[in-house]
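Colleague: I'd like to learn how to read salt bridges and chain contacts in a model. Can you walk me through this one?

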Amino acid sequence: MSTLHTVNKSPFATGSLQSCLSHAKDGDAILMFEDGVYGATKGTTLADAVAAKGGSVTLYVLQGDADARGIAAARLIEGVTPVDYVGFVRLAADHDRTHAWL
Amino acid sequence: MKFGVVVSEGPYTHQASDSAYNFVKAALENGHEVPRVFFYHDGVNVGTRLSIPPQDERNIQKNWTALAAEHDLDLVICIAAAQRRGLLDENEASRQGKDANNISEGFRISGLGQLIEMGIQTDRLMTFGD
Amino acid sequence: MDEKIKKFLYVNRKAPYGTIYALEALEVVLIGAAFDQDVSLAFLDDGVFQLVKNQKTDGIGVKNFSPTFRALGDYDVTKLFVEQESLDERGLTADDLQDIIYEDEDDDWAEKPSIRIVSRAEMADVMADQDVVLSF
C-alpha cells in the first residue's frame, strides 16, 4: 500500500513540500508539479532535505511545468525523474491513493 | 481504472483547472475512465459560459466543454459553492428569481453528495487546487 | 461489513476566515456524513487554527462556523486527528482547542472526546490508512 503525493506549491511560498516530506512514508512517491517544480531544483535551501528523502521515496517532476519555468534537466536534484501527463496518470494508477498537498 | 477528479480553483488565476484538464485528457487517451469531474470552491467558475479570453490564449471553458462532448464526461459544479459565486443554470435562475443563467454546455449543477459518491465509486481521487 | 464502505480522510491544512477552504471543507464533511463511510478529519499545519476556542467574528462581518465542529458528533463524525507538532510550532496546546465530544453508542452513550492529538508520525500512519484523501 503506497501513496502518490502531489505538491503544486513553491517551497519558498508555503510549507506544503516540507509538510509532505515529513509525512510521506517509505515506498511512497512525490510528484512536484505547477509551482511545486521549484522544489525539485538543485542549490536551494531545501535541496538537501528533498534529496535525502529521495532515498526512501521516489521523486518525480512534471516535465511540462519544469520546461515552462525554464528549469533544464541539469538543474534537477539528482534522483528526480521527469514525467509527462501520461506518466502522472500512471503514477496515480500505480499507487493506492493520491494525497494532494494544496 | 476509474479516476475521480476535483477542481478547486477557478480558471486563469490558478493553474489547477489546466492541470486537471491535462490529467483527464491523458487518462482518457490511455484507456482509463473519468466518470466525473467535480468543481468546488472557486473551481465552479470554470463552468461559466460568459468568459471571453483573448483569442491567442487557451479557452479553458471551451476546452472542458469539448472534452466533455467527446468523452461523454460528467462535469458537475457544486451548487452551494456556485450559488455563493453567482453560477446558475436555467432551473436555478428561475427558482431563485434571477434574470440570467451562465452555465456552459457540458456542465451541470448538483449537490456535494456527488463529490462523496465520486469518491466511493472511483478507484482514485485526484485533487487539483491551490 | 459492507465492502463498499471506504475510509475517507478530510485533510485540513489552512486557517479559517482568511480563505473559504475551512468552511467549505466542513460543508463537505456534513454532507458526506449521510453516506455512512468511515470518516476521519486531519488537522495539521495551519489547519489546527480552525479548532481553537473563543473565535469571535463580529468584527469582520463573517459567520463564525467554529461551533459546527461541536455538532460533528451528531453526524457520527467522531475522529478528529490533530497533529501535536503543528500545535507546538504555533504556540498552542490541546487546552487552546474547543472541547468536541461525541456520545459512544457502543459504550452506553458515554461522552468521549472527538479530538485525538497525534504525533506527526502517527498522522502519517492515519494518512496511509485511507482509501480516499480529500484535501482542502
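Colleague: Which residue forms a salt bridge with C:Asp125?

Modeller: Side chains of opposite charge can pair when their charged atoms come close. Keep in mind that this is a predicted model. Here the partner of C:Asp125 is A:Lys25, with the closest N and O atoms 2.3 Å apart. The rule finds one salt bridge across the interface of chain C and chain A, along with eight residue pairs in polar contact.

Colleague: Which element gives the largest share of the side of chain C that touches chain A?

Modeller: That's H4(C), with six residues. By type, that side of chain C divides into eight nonpolar, two polar and seven charged residues.

Colleague: And how do I read the area buried between chain C and chain A?

Modeller: The size of an interface is often given as the accessible area lost when the parts come together. For chain C and chain A, about 1,200 Å² is buried, and carbon and sulfur atoms give 51% of that. Chain C brings 17 residues to the contact and chain A brings 12.

Colleague: What does the salt bridge of B:Asp18 with B:Arg58 tie together?

Modeller: The closest N and O atoms of that pair are 2.6 Å apart. B:Asp18 lies in helix H1 of chain B and B:Arg58 in the loop between strand S2 and helix H2, so the pair ties together parts that are 40 residues apart in sequence. B:Asp18 is buried at 16% relative accessible area, while B:Arg58 is partly exposed at 35%. B:Arg58 also meets B:Glu57 in a salt bridge, at 3.9 Å from N to O.

Definitions and conventions. Residues are numbered from 1 along each chain as its sequence is written. Chains are lettered from A and ligands numbered from 1 in the order in which they are written. This is a predicted model: local features need pLDDT of at least 70, side-chain atom pairs count only at pLDDT 80 or more; totals for chains, interfaces and linings use all residues. Side-chain values use heavy atoms; hydrogens and water are left out. Contact means heavy atoms within 4.5 Å. Buried area is the accessible area (1.4 Å probe) that two parts lose on being put together, summed over both. A salt bridge is a side-chain nitrogen of Lys or Arg within 4 Å of a carboxyl oxygen of Asp or Glu. A polar contact is a pair of N or O atoms within 3.5 Å; within protein, one must be able to donate a hydrogen and the other to accept it, and residues adjacent in sequence count only if both atoms are side-chain atoms. Helices (H or I, at least four residues) and strands (E, at least two) are DSSP runs, numbered from the N terminus. Ala, Val, Leu, Ile, Met, Phe, Trp, Tyr, Cys and Pro count as nonpolar, Asp, Glu, Lys and Arg as charged, and the others, Gly among them, as polar. Buried means under 20% relative accessible area, exposed over 50%, partly exposed in between (1.4 Å probe, protein chains only).
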